[in-house]
Amino acid sequence: MLTYPFDPPEGPHPVQVAPGISWLRLPLPWALNHVNAYLLEDDTGLTLVDTGIDSPDLRAFWTEALGSRPVTRVIVTHHHPDHMGLAGWFQARGAELMTSRTAWLYARMLTLDPDPFPPEAAIFLTRAGLTAPQIDDRRARAFRASDTMAPLPPGFTRLSEGDTLQAAGRHWRVRLGQGHAPDHLTLWSDDVVLMGDQVLPRISPNIGVYPTEPEADPLGEYLTSLATMAPLDRGQMILPGHQRPFRGLGPRIAELQAEHAQGLDRLQALLATPRRAVECFPALFRREIGPGEFGLALAETLAHLNHLQALGRAARHPGPQGAFLWQAL
């Protein structure tokens, strides 16, 4: 059973969740309307964990929240803009950026990529079963990550699996998760785990396949990561990237494993009849998927289809109009 010891902070006023560790909830202009950041206090200054997106409002939010306290380090759990967006801004103000090499490379690529909808995206969507008008709609809705990320200067400090560091009077060990984002940082101490989006308390992190790596099996990688982390539950306080800090990591991992297993079973049953990826939403989502949710829903569906294929439980073959047809084996 999960427990939630703290109510969310209000505005730019951190809530202490453990000695030397405070929690901020940063506003986001999206359906998931916040991202968590954590302040680790040391004699020489603050270490921040995750930053929010780059926007004038969020820069002002941070300025008020921090006051005169110096930020010496910024640790970013993964490359997504709601976590990495202001890392470059803090670097420009003198902070050291610490993250995984993969996270930094992906983030640097996003800040420099001028085209949010390259030709490969159209091919990817055609194979998923979208029509030409639907692809045009997705093109019009394409999200350019660089619009929400401060420029990242060359130079960062790499954190790798098994590395250790000191912050907030604790000894932290780095463990890299997979699935939601490649080489996603999690930091483990005796009483607190900085979890980012690897395990969230009430929702599953998006596990998606995208045009950058259409043959990937991120769901397989995610389930492997969960199996590795489950035995590490010692009753620590889990500080997630969204929603509230909680205790009960082992039970939450068991819930996530069961949810994905059930989703795979439902999807395989649906594929008794060959279907395009866009026809598979009912097996995984128990609500209507609107235009704003479509991209993440398709990415999640493809992750489940690719994993069924990796398990030998489904296969795909070319169908009409360039789409793949998926069928259970």
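The largest nonpolar core of this predicted model has 45 residues, and Leu130, Met195, Val199, Leu271, Leu298 and Leu305 touch the most other members. In soluble globular proteins, nonpolar side chains tend to be buried together. Keep that idea in mind as you look through the cores, sheets and helices below.

**The nonpolar cores**

- Seven strands form an open sheet with mixed pairing, in the order E1-E2-E3-E4-E5-E6-E7.
- Strand E1 (15–18) and strand E7 (157–158) are at the edges, and each has a single partner strand, so one side of each has no neighbour in the sheet.
- Within this sheet, strand E3 (residues 34–42) pairs with strand E4 (residues 45–49) in the antiparallel sense, over five bridges.
- Helix H1 (residues 56–66) lies across strand E2 (21–27), E3, E4 and strand E5 (71–75), and H1 runs at about 155° to E2.

**The sheet of five strands**

- Another open sheet, also with mixed pairing, has five strands in the order E8-E9-E10-E11-E12.
- Its edge strands are strand E8 (164–167) and strand E12 (237–240), each pairing on one side only.
- On average, and ignoring direction, neighbouring strands of this sheet are turned by 30° against each other.
- Strand E11 (residues 192–196) and E12 run parallel and are joined by four bridges.
- Here, Leu194 stands opposite Leu239 in E12.

**Two packed helices**

- Two packed helices are described by the angle between their axes and the distance between the axes.
- How do H7 and H10 pack? Helix H7 (residues 218–229) meets helix H10 (residues 291–310) at an angle of about 80°, with the axes 7 Å apart.
- That angle makes H7 roughly perpendicular to H10.
- On the H7 side, the contact is made by Pro218, Leu219, Gly220 and Leu223, while H10 brings Ala303, His304 and His307.
- Sorted by class, this contact of H7 with H10 has four nonpolar, three polar and no charged residues.

Definitions and conventions:
Residues are numbered from 1 along each chain as its sequence is written. This is a predicted model: local features need pLDDT of at least 70, side-chain atom pairs count only at pLDDT 80 or more; totals for chains, interfaces and linings use all residues. Side-chain values use heavy atoms; hydrogens and water are left out. Two strands pair if DSSP finds at least two bridges between them. Helices (H or I, at least four residues) and strands (E, at least two) are DSSP runs, numbered from the N terminus. Contact means heavy atoms within 4.5 Å. Axes are lines fitted to C-alpha atoms, for helices over the stretch in contact, and angles run from 0 to 180 degrees between N-to-C directions. Angles under 35 degrees count as roughly parallel, over 145 as roughly antiparallel, 65 to 115 as roughly perpendicular and the rest as oblique. Ala, Val, Leu, Ile, Met, Phe, Trp, Tyr, Cys and Pro count as nonpolar, Asp, Glu, Lys and Arg as charged, and the others, Gly among them, as polar. A nonpolar core is a set of buried Ala, Val, Leu, Ile, Met, Phe, Trp, Tyr and Cys residues joined through side-chain atoms within 4.5 Å. Buried means under 20% relative accessible area, exposed over 50%, partly exposed in between (1.4 Å probe, protein chains only).
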